[in-house]
Amino acid sequence: MTMHTRNLGTTGPAVSAVGLGCMGMSALYGDADRAESVATIHAALEAGVTLLDTGDFYAMGHNEMLIGEALRKAPSALREQALTSVKFGALRDPEGNWAGYDGRPAAVKNFASYSLQRLGVDHIDVYRIARLDPDVPIEETVGAISELIEKGYVRHVGLSEVGADTIRRAAAIAPISDLQIEYSLISRGIEQEILPTTRELGIAVTAYGVLSRGLISGHFTRDRQLAASDFRAHSPRFQGENLQHNLNLVEALRKIAEQKGATVAQTAIAWVLSRGEDIVPLIGARTRERLGESLGALDVTLDAADLAAIEEAVPADAAAGDRYPSAQMAHLDSER
C-alpha cells in the first residue's frame, strides 16, 4: 500500500489520499469500543492517513474527546502529522434529538472554543458548518471563520452539504479549501452541478458515505438487526424492498470486485478515488480490521474496462430510496 497525498483545493492543505471519518466511533451506528477506536485512529496515522474528520455534535462532544485522547496517546511524530476537520452548528437536546443549525458569528466562535478544548489542540485545520443555517447568510458564517483564521485558531474554511449557489457566495467571501458532501457509487448527485462548480473554483471535495453507511461495503445483510439508535434503522435505503434492491446492486458489484481480486468495499472506494485528484474519500472504519480492508483500495487500479463494467452494474441513480429521511432531505441545501 502506498499512501499518496492530495491537496484540499487550491488554498487548502496537502492531505493523505484518504481521510478517516471518526463519527461512527461515537454515534449513530451502534455501539463502538473506545479502546479499539483509539487503536484504529493510531493505526490510520501509522499507515499515513493525516486527515481526521469529526463534528462537535457527534455524541455531544464525545467524538472530539475521543480524537483528543488518541492524539495525546500517539507518538509526537504521528500527532504532528494529524490534520483535524471539524463540523459545527448542529443543535441537539439531551435526548439526542436534532434542533436545527446555528451559523451566527457569535455561535461559530463559541463552538470553536469548545472544540479546541475537547480536541486538545491549539488550532483546527478545516472548520465548517455542518449544514446551512437558513436564517443566517453563509457570508456571515464564513466571515466568522475567517476571523478565527486571522487569530490563528483555524487554518482553512470548509463547507458541508451546500449547493452550487451557496458555494459561490461563500467563495466570494474567503478562500474555501473543500466541500464535504456525500459521494459514492450510489450517491452521485454532485456530478450534475456541484462538482463542476467546485472544480471551476479550485475547491476540493472530501467525500463521506463512500460505502453508503456500510450498504455497499459487501458486509451488510438483509437480515441484520439494527438498534433504534442506529441511523440506518430509519434510512430509506435500508428499508424493505429498497434494501433488497440495493443489495442486488452490491452483488453485481461483487462479481467485478472478485475479478479484480478485491473486496466490494475496496472496489467502491477505488471508484471514488478514480473520480479525480480533487476528491478525498473519508473512510468510516471503526476497527483496525475494517481500516485495513479500506486502505487496500489504494492498491486497486480501475482501468477503463473496469469503470465501464462498474457503470453497467451500478448505473447512476440506480439506488432505491433517498440518502436521508424526508425531513432531513428537506433541510439539505445541496438537494435544492
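**Rings and core**

I started with the aromatics and found that F57, Y58 and W98 are linked into a cluster by ring pairs. I kept in mind that this is a predicted model.

I counted the ring pairs and got five aromatic pairs. I looked up F57 with Y58 first: their ring centres are 5.0 Å apart and the planes sit at 75°, so I logged the pair as edge-to-face. F57 and Y58 are both buried.

Next I checked F57 against W98. Here the centres are 5.8 Å apart with the planes at 75°, so this pair is edge-to-face too. I noted that it links distant parts of the chain, 41 residues apart: F57 is in the loop between strand 4 (51–55) and helix 2 (62–73), while W98 is in strand 7 (residues 98–101).

W98 comes out at 42%, so it goes down as partly exposed. I also found the charged end of R92 over the ring of W98, 4.0 Å from the ring centre.

Then I turned to the nonpolar packing. The largest nonpolar core has 90 residues, and V18, L20, I41, Y127, L159 and L295 touch the most other members. Helix 9 (residues 264–273) gives this core its largest share, eight residues.

Beyond its neighbours within four places in sequence, V18 contacts M3, V49, L273, V280, P281, I283, L295 and L298.

Definitions and conventions
Residues are numbered from 1 along each chain as its sequence is written. This is a predicted model: local features need pLDDT of at least 70, side-chain atom pairs count only at pLDDT 80 or more; totals for chains, interfaces and linings use all residues. Side-chain values use heavy atoms; hydrogens and water are left out. A nonpolar core is a set of buried Ala, Val, Leu, Ile, Met, Phe, Trp, Tyr and Cys residues joined through side-chain atoms within 4.5 Å. Buried means under 20% relative accessible area, exposed over 50%, partly exposed in between (1.4 Å probe, protein chains only). Helices (H or I, at least four residues) and strands (E, at least two) are DSSP runs, numbered from the N terminus. Contact means heavy atoms within 4.5 Å. Rings of Phe, Tyr and Trp (its six-membered ring) pair if their centres lie within 6.5 Å; planes under 30 degrees apart count as stacked, over 60 as edge-to-face and the rest as tilted. A charge sits over a ring if NZ of Lys or CZ of Arg is within 6 Å of the ring centre and within 35 degrees of the ring normal.
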